[in-house]
Amino acid sequence: AWFRLEVGELRRRFPNTLRADVLHVHAAWESVVAWKTDRDDTALLDVLLDNLTALESVVLRAGLAVVFWNAIFAKIVSELYALVEKVGKSPKERLIRKYLGLSLNALPTVLKVIQSILLDLRNSTLDTLTLLENESKLTVPSLAGESLWHPDPSFEDEGIWVRVLKEGRQPSNTTLIAIHHHLVTVLYSIVVLQLKPVRVSTLFDPKIIEQLFTNITRETPSFDPVDPTGSRLSEIEKFLSLIITASCNNDDSTTWPELAIELAEAFRVDADAVRRRHVVELYERRRDAQAKEVLFAVRDREALGPRLLPVLGRRLAGAMKDSANESRSLELVVQFPLGVLQFVRSFDRVLIAGEDDFEALKALADAIALMFPHSSSEHVIAARIRDTL
């Protein structure tokens, strides 16, 4: 009986209809069709990605990704972008449900899937361009099916196949893909970390804003990337700082900071400044072990020193005010030189309260002393704190 035949036997009988790439395209498409009826069922999008990335043909991979973007996901990103611009933060559940047809819980997963689709589209497009540049033969899959299904073996289905092949044959614009990938990454950060206040448009070059949500396969007017200056540079730095602060508040020392550095490089700003910010915030929260790990990657230690020295002062002021350290604090008041004592007391109103470890403060003072020239007053203060502790 038909239903007892194994897939291998079926493929021998229907070699064209049951080719692996053919099945992957249809499985991916059907998973999206099913997801559109229940957008909170994000497991269906995992099926989409599994089948998209399993495609061997770069033409099909690129074409399917473009079809998904144009038909479904570009609108979701566009609506979310407009909402965030309007409210200046991650929209409430009611607005997300109304305009995107999604729950707040499902939205981050959907955005991650869109990120993956855009990244796969970029990779498959680059593969296609490489083949064309090397004058390699770009294999275009045949649409021919068995005559059992169609009177003419060369019959081309006017549905998903034609759309996928049409888009896949025309390489997409990698600049536009990258722009939209950065945008989705920014929106994902805002939604997951609940960042505010934010205006996404201030992060991008005005020439780039004009290209958003246009045909991703069209050629764009050429323009050279411009390093941000003035208010745009300030807005980017402020946004990246929001990510770092939120990551430290959530005890995430790797994932979000890495994403912030990725965005810094995409926006052409100093990624080392992001690392320095991360180090400062970790030390402020007494997460010294994690701070030391990040510190290894910081290139400009001289720029970090002036930001860490006040952290040392605030933490030391807090430790000396702690009643648990009363006897030790009295000893330090006597032992510290007058200049150091005045430095510490200047932070009494902004001290970092709570239990602290004098050994940890000694290590921090030692690290800070190395960030300043030996002849500087900052080095003298840090070194004397270290030696006294």
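**Entry 1: helices α4 and α8**

I looked up how helix α4 (residues 58-87) packs on helix α8 (residues 174-193) and found an angle of about 50°, with the axes 11 Å apart. α4 is therefore oblique to α8 (angles under 35 degrees count as roughly parallel, over 145 as roughly antiparallel, 65 to 115 as roughly perpendicular and the rest as oblique). I noted that the residues of this contact divide into 10 nonpolar, one polar and no charged. On the α4 side I listed W69, V77, L80, Y81 and V84, which meet H180, L183, V184, L187, I190 and V191 of α8 (contact means heavy atoms within 4.5 Å).

**Entry 2: basis of the values**

I recorded that this is a predicted model, in which local features need pLDDT of at least 70 and side-chain atom pairs count only at pLDDT 80 or more, while totals for chains, interfaces and linings use all residues. Residues are numbered from 1 along each chain as its sequence is written, and side-chain values use heavy atoms, with hydrogens and water left out.

**Entry 3: helices α12 and α14**

I then turned to α12 and helix α14 (residues 301-321), which pack at an angle of about 10° with their axes 10 Å apart. α12 is therefore roughly parallel to α14. The residues of their contact divide into seven nonpolar, no polar and six charged. Among them I noted R276 and R277 in α12, and R314 and R315 in α14.

**Entry 4: E281**

I located E281 in helix α12 (residues 271-284). E281 counts as buried because its relative accessibility is 4% (buried means under 20% relative accessible area, exposed over 50%, partly exposed in between, with a 1.4 Å probe and protein chains only). Leaving aside residues up to four places away in sequence, E281 touches S241, I244, T245 and C248.

Definitions and conventions:
Helices (H or I, at least four residues) and strands (E, at least two) are DSSP runs, numbered from the N terminus. Axes are lines fitted to C-alpha atoms, for helices over the stretch in contact, and angles run from 0 to 180 degrees between N-to-C directions. Ala, Val, Leu, Ile, Met, Phe, Trp, Tyr, Cys and Pro count as nonpolar, Asp, Glu, Lys and Arg as charged, and the others, Gly among them, as polar.
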